[in-house]
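Please read the points with the sequence and the coordinates to hand.

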Amino acid sequence: MSDWSLFLCDKRFAGLLNRPKSSGGPEPLDFAASQFRLPQERDHDRILFSTPFRRMGDKTQVFPLESIESIRTRLTHSYEVANLARSLGVEIAVSLADKLPEDALRKIPALLAAVGLAHDIGNPPFGHQGEYAIRSWFERNSDALFEPPDIENYPDIAADVDRLTQQHKNDFLLFEGNAQTLRVVTKLQVIGDDLGLNLTLGTLAALMKYVAASDEIDKKVQAQKKVGFFASEQSLVAKIRSETGLKGDSRHPLALVMEACDDIAYSVLDAEDAIKKGLVSLNDLLASLEYHPDGADGLDPVVKHLCELSRWEFEKLRKQKLHPSELQDVATQKFRVHAIHLMVSAVAAAFQENYQSILNGEFAGELVKVSKGGALCKALKDFDRENAFSHKSVLEVELNGYNTLNRLMDFLWIGICEREKYDDLESKRTSPFAAYVYSRISKNYRRIFEGKVDQYHADPNLPIRYKEMQLLTDMVSGMTDQFCIDLHDDLLKHYREMHTVNGTPA
């Protein structure tokens, strides 16, 4: 059995690596000599002010490259998840006050707000289509990437590629934004000391929605159904979980809460965005819920109550003689408020009901599913999938994004691997185009790739081929939607010009 002193571990990432505290510099001013924020509150602020977090403002939630400013991006989605998580954290800390540390009322909401902000920070451009594009690129090129070349002509490359394990390969064939998130906050976000954002270990543990390595996926186990971390962070994850008292496939208790808030946010708010875009109406949504297999006709009391309440609100608003578009907008907002309140309240109750099994690491399910709001959440997700995710306008833009990412990865791979010396990662590129492409890759990603970092980044056990592929995914997943398109167009232009000069087909 673990306890909250471990779950809310204040030790920072630097302490995990036994880094000495920096010394020197001017003495602090008297009035600013101490911190009035708790470590978890500082985690929240570090994430909020970070560059990768701001980039999510131009990353797709559901509707790619959306011109309607009120439609959600990854950034607004993350703010909303953080808000729900903080609120749930307050409720948990108050309702379970007799079982929690004295400072839990500040620590738990702050930690949940932090992981709510950061949970999607590693996702690539174009939403889940970005993840599919990355996986498909590696699948399409698997023979060239994973099979050793002719050993007589390329002995060094053959020996290196032969070192790739199934986990190494799966890290890319099953690429997962959740695992990339951990990599971003611990390694890729540079603030001068190669420690990423140097978050507390409790926050890092709660950020992990899944806990399986890529060669240990088990679709039947919620904690292991997707990749939780890459081979490059495996030893780090083992230390984080040890320090926070997590064993086996158990998840941090607050990771369960964050997961529930993510489910609540996108199930309700993706439907609201579909209505805002004019793809469906509120009446369509209510009708779908009322006739959903788990809906009001199935006597689910929460779904039935929400539909009745929403129709009552609609009729009350209609008497105010609002413009039809305004009536639709306001009534939809009322629906959103009631739906979120019902599911958040249900999850809070489910956390309390399952508290002991959660604390013991025995709870293997999802809080939303076991709560009284489970049927509502499922019905909303089904509606989103049928009416938002599958709409022609969404699929068309997603297809364009998918194709753009695949072609861009072809270009970036040229810049990464076409160099004079295989074992010298910063050696001269073999063509002007390869040199130009490599120069367009972020300097801090290249610095980690080339080993110009502290020892814990430069894992000698990772094959060079693995590092090449990880540089590619680091670069791609860090892009915004528009930057991805712009970089693709720029590289395509130079690629065509090169072949025109050389008299070869592009």
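1. Over which ring does the charged end of arginine 446 sit? It sits over the ring of tyrosine 438, 5.3 Å from the centre of that ring. Arginine 429 also lies over the face of tyrosine 438, at 3.8 Å from the ring centre. A charge is taken to sit over a ring if NZ of Lys or CZ of Arg is within 6 Å of the ring centre and within 35 degrees of the ring normal.

2. On the basis of the values: this is a predicted model, in which local features need pLDDT of at least 70 and side-chain atom pairs count only at pLDDT 80 or more, while totals for chains, interfaces and linings use all residues. Residues are numbered from 1 along each chain as its sequence is written, and side-chain values use heavy atoms, with hydrogens and water left out.

3. On aromatic pairs: eleven are found in a search of the whole structure. Rings of Phe, Tyr and Trp (for Trp, the six-membered ring) pair if their centres lie within 6.5 Å; planes under 30 degrees apart count as stacked, over 60 as edge-to-face and the rest as tilted. Phenylalanine 411 and phenylalanine 433 form an edge-to-face pair, with 6.1 Å from centre to centre and 80 degrees between the planes. Phenylalanine 411 belongs to helix H21 (residues 392-417) and phenylalanine 433 to helix H22 (residues 432-439), so this pair ties together parts that are 22 residues apart in sequence. Helices here are DSSP runs of H or I with at least four residues, numbered from the N terminus.

4. On the setting of that pair: phenylalanine 411 counts as buried at 6% relative accessibility, and phenylalanine 433 is buried as well, at 5%. Buried means under 20% relative accessible area, with a 1.4 Å probe and protein chains only; over 50% is exposed, and values in between are partly exposed. Elsewhere, ring pairs link Trp137, Phe138, Phe172, Trp413 and Tyr466 into a cluster.

5. On the largest pocket: its volume is about 1200 Å³. Its lining comprises 47 residues, of which His128, Tyr132, Lys226, Tyr266 and Phe389 lie nearest the centre. Among the elements that give two or more residues to this lining are helix H7 (127-140), helix H14 (253-276) and helix H20 (374-389). H20 supplies the largest share, eight residues. By class, the lining has 14 nonpolar, twelve polar and 21 charged residues. Ala, Val, Leu, Ile, Met, Phe, Trp, Tyr, Cys and Pro count as nonpolar, Asp, Glu, Lys and Arg as charged, and the others, Gly among them, as polar.

6. On how spaces were found: on a 1 Å grid over the protein atoms alone, a cavity is a set of points where a 1.4 Å probe fits but cannot get out, and a pocket is an open set with protein on both sides within 12 Å along at least five of seven lines; lining residues have an atom within 4 Å of a point. Grid points are joined across faces, edges and corners, and a volume is the space filled by probe spheres set on the points.

7. On cavities: the whole structure has two of 30 Å³ or more. About 40 Å³ of space lies in the largest cavity, whose lining includes Asn178, Leu182, Met208 and Tyr210. H11 gives the most to this lining, with four residues. The second largest cavity also has a volume of about 40 Å³, and Arg251, Ile358 and Phe363 are among its lining residues.

8. On cysteines: the count of disulfides is zero, a disulfide being a pair of cysteine sulfur atoms within 2.5 Å. Cysteine 261 is in no disulfide, and the nearest cysteine sulfur, that of cysteine 377, is 11 Å away. Cysteine 261 counts as buried at 0% relative accessibility, as does cysteine 9 at 9%.

9. On backbone angles: most residues other than glycine have a negative phi. Phenylalanine 126, however, has a positive phi near 65 degrees. Phenylalanine 126 lies in the loop between helix H6 (104-118) and H7 and counts as buried at 2% relative accessibility. Asparagine 198, likewise not a glycine, has a positive phi of about 50 degrees. Asparagine 198 is placed in the loop between H11 and helix H12 (201-207).
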